[in-house]
Amino acid sequence: MIIKELDFSREISKNDLLEALKGEANQVHIHDFIKTCSFLKKNMEHVHPHFKEEYIKMYTEGYLKGYRDVKNDKTSYNGHVDTAELGEAILLLEKQEKLMEAEFSNRRSFKPYLILSLYTTFILEEPVHPVGTPFPGGLKVREDNNIYYCPVKENNENNPLAVCGFCIALQEPDM
């Protein structure tokens, strides 16, 4: 099963989504990681040099770890995903895929990003950026009493390349 085979007319269990993500992961090749990471590196040109190398390393390792985690996840999850939110997330990711396709002329290169984003958000119920992800100004994604906070969520909700619109993290309140 893959994402396109999910039946959005009924409830989708976390286990069904996980199986679809495993199906997507089975279609990933090393070239997909290379292209995804190349796209990421190109889109980090605006990031301060102090953070750029750390971000690229963190994202690259995150894609590979997320891929491995999805493929090896044998957990039986309770509950269902919000099909409306999942549908919106998939639509956003499909728009982003078109941007990737224009950049690389290859639809496959987007799969690691899609897998990781949906897995962390809808299966693990964690933010896309892991706790501790650094941002300029010494700010980081953090967790407090099982609530995740991101210091840049509001600044990126309309960014066509960001997944902030469906990330479960809340905007970090002004201190």
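Helix H2 (30–42), helix H3 (49–72), helix H4 (83–104) and helix H5 (111–123) each contribute at least two residues to the lining of the largest pocket in this predicted model. Helices here are DSSP runs of H or I with at least four residues, numbered from the N terminus. A pocket is an open set of points, on a 1 Å grid over the protein atoms alone, with protein on both sides within 12 Å along at least five of seven lines; lining residues have an atom within 4 Å of a point. H3 gives the most to this lining, namely eight residues. The pocket holds about 1000 Å³ of space, where a volume is the space filled by probe spheres set on the grid points, joined across faces, edges and corners. Its lining comprises 42 residues, and Leu-40, Met-44, Tyr-59, Tyr-113 and His-129 lie nearest the centre. By class, the lining has 26 nonpolar, 13 polar and three charged residues (Ala, Val, Leu, Ile, Met, Phe, Trp, Tyr, Cys and Pro count as nonpolar, Asp, Glu, Lys and Arg as charged, and the others, Gly among them, as polar).

H3 also packs against H5: their axes come within 9 Å and cross at roughly 65 degrees. Axes are lines fitted to C-alpha atoms, for helices over the stretch in contact, and angles run from 0 to 180 degrees between N-to-C directions. H3 and H5 are therefore roughly perpendicular, the term for angles of 65 to 115 degrees. In this contact (heavy atoms within 4.5 Å), Gly-62, Tyr-63, Gly-66, Asp-69 and Val-70 of H3 meet Pro-112, Tyr-113, Ile-115, Leu-116 and Tyr-119 of H5. Seven of these residues are nonpolar, two polar and one charged.

Helix H1 (residues 14–25) packs with H3 at an angle of about 125 degrees, the axes being 9 Å apart.

A search of the whole structure finds one cavity of 30 Å³ or more, a cavity being a set of points where a 1.4 Å probe fits but cannot get out. The largest cavity has a volume of about 60 Å³. Its lining includes Pro-127, His-129, Cys-150, Lys-153 and Cys-167, and divides into eight nonpolar, one polar and one charged residue.

Residues are numbered from 1 along each chain as its sequence is written, and side-chain values use heavy atoms, with hydrogens and water left out. For this predicted model, local features need pLDDT of at least 70 and side-chain atom pairs count only at pLDDT 80 or more, whereas totals for chains, interfaces and linings use all residues.

Terms used. Parallel < 35°, antiparallel > 145°, perpendicular 65-115°, else oblique.
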